[in-house]
Amino acid sequence: MTSFVGIDVTKTYTTAQLTGTESGKAPKVGDLYESYDNKTYRFVKYNQGAGAIAAVANNVVGFYAPGGVSTGVYNEVTSDVSDTAGLGAGVLAGAPGNGEYGWIQVSGPATLNTALVSGASGQPLVLSSTTDGTLKVAGALTDSVVAYAILAASKIVMCSFPR
């Protein structure tokens with residue numbers, strides 16, 4: 001894990017910035033950052049997927065898996081659930097453009113932009129397979145739980161995404 005001081009987790013970067021003006025100053029893909037309030041973030045690349053779903057801050061993303069088939073990519077994410085293998089990656093802290101880089105929150109409390117597809121306070125949550133950018137209640141023992149509903153009506157969850 002790399003240590004950062006005073007970072008802005010909402011800031012996004014282009015490839016040109018990472019290799020040019022921000023080279024040596026920006027995080028590297030896969031870096032983790034733990035904030036003063038015990039929230040953990042991971043630096044990733046955003047991909048709009050086949051549905052060209054734009055990034056929206058505080059929406060949930062999944063690991064990019066074209067057509068739903070995992071390629072083993074774990075530092076590239078998308079809001080397009082049809083291009084995930086059903087495993088949530090985190091909550092977008094900012095809104096990177098397609099092919100840009102930014103932070104996703106992977107642990108700690110978060111307030112989502114969108115309502116849960118299903119679920120009530122206290123329930124385990126998984127990436128929604130039908131609605132881009134959100135979570136739903138876990139329905140099977142084999143579901144990959146990525147968060148827990150703290151206050152479902154207010155869209156507050158406790159993130160427990162893979163690091």
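A salt bridge here is a Lys or Arg side-chain nitrogen within 4 Å of a carboxyl oxygen of Asp or Glu. I had that cut-off in hand when I opened this predicted model.

**Entry 1: D80**

I started with D80, which is found in the loop between β4 (76–78) and β5. Which side chain of opposite charge is nearest to D80? I found K136, 15 Å away. With a 4 Å limit, D80 has no salt bridge, and yet D80 is buried.

I then looked for what D80 does have around it. A polar atom of the D80 side chain lies 2.7 Å from the backbone nitrogen of G51. Setting aside residues up to four places away in sequence, I listed the residues that D80 touches: Q48, G49, A50, G51, I53 and D132.

Next I checked backbone angles. Most residues other than glycine have a negative phi. I noted A52 as an exception, with a positive phi near 50°. A52 is found in the loop between β2 and β3.

K155 also has a positive phi, near 65°. I placed K155 in the loop between β9 and β10.

**Entry 2: strand pairing around β5**

I followed β5 (residues 84–92) to its partners. β5 runs antiparallel to β3 (residues 60–64), and four bridges join the two. In that pair, Y64 stands opposite T84 of β5.

How many bridges join β5 to β6? I counted two, and β5 and β6 (residues 101–111) also run antiparallel. Here L92 stands opposite I104 in β6.

**Entry 3: the cores**

I came across I104 again in the largest nonpolar core. That core has 26 residues, and I104, L116, L135 and V157 touch the most other members. Which elements give two or more residues to this core? I wrote down β2 (40–46), β3, β5, β6, β7 (124–127), β9 (147–151) and β10 (156–160). There is a second, separate core of 10 residues, and Y13, Y33, Y41 and Y101 are among them.

Last, I went through the contacts of V157, leaving out its neighbours within four places in sequence. V157 is in contact with G108, P109, A110 and L112, and also with L116, L125 and L135. A147, Y148, A149 and I150 complete the V157 list.

Notes. Residues numbered from 1 in each chain as written. Predicted model: local features only at pLDDT ≥ 70, side-chain atom pairs only at ≥ 80, totals over all residues. Heavy atoms only, no water. Pairing = 2+ DSSP bridges. Buried < 20%, exposed > 50% of the residue type's maximum accessible area, 1.4 Å probe, protein only. Lys, Arg positive; Asp, Glu negative; His and termini not counted. Polar contact = N/O pair within 3.5 Å; in protein donor to acceptor, adjacent residues only side chain to side chain. Contact = heavy atoms within 4.5 Å. Core = buried A, V, L, I, M, F, W, Y, C linked by side-chain atoms within 4.5 Å.
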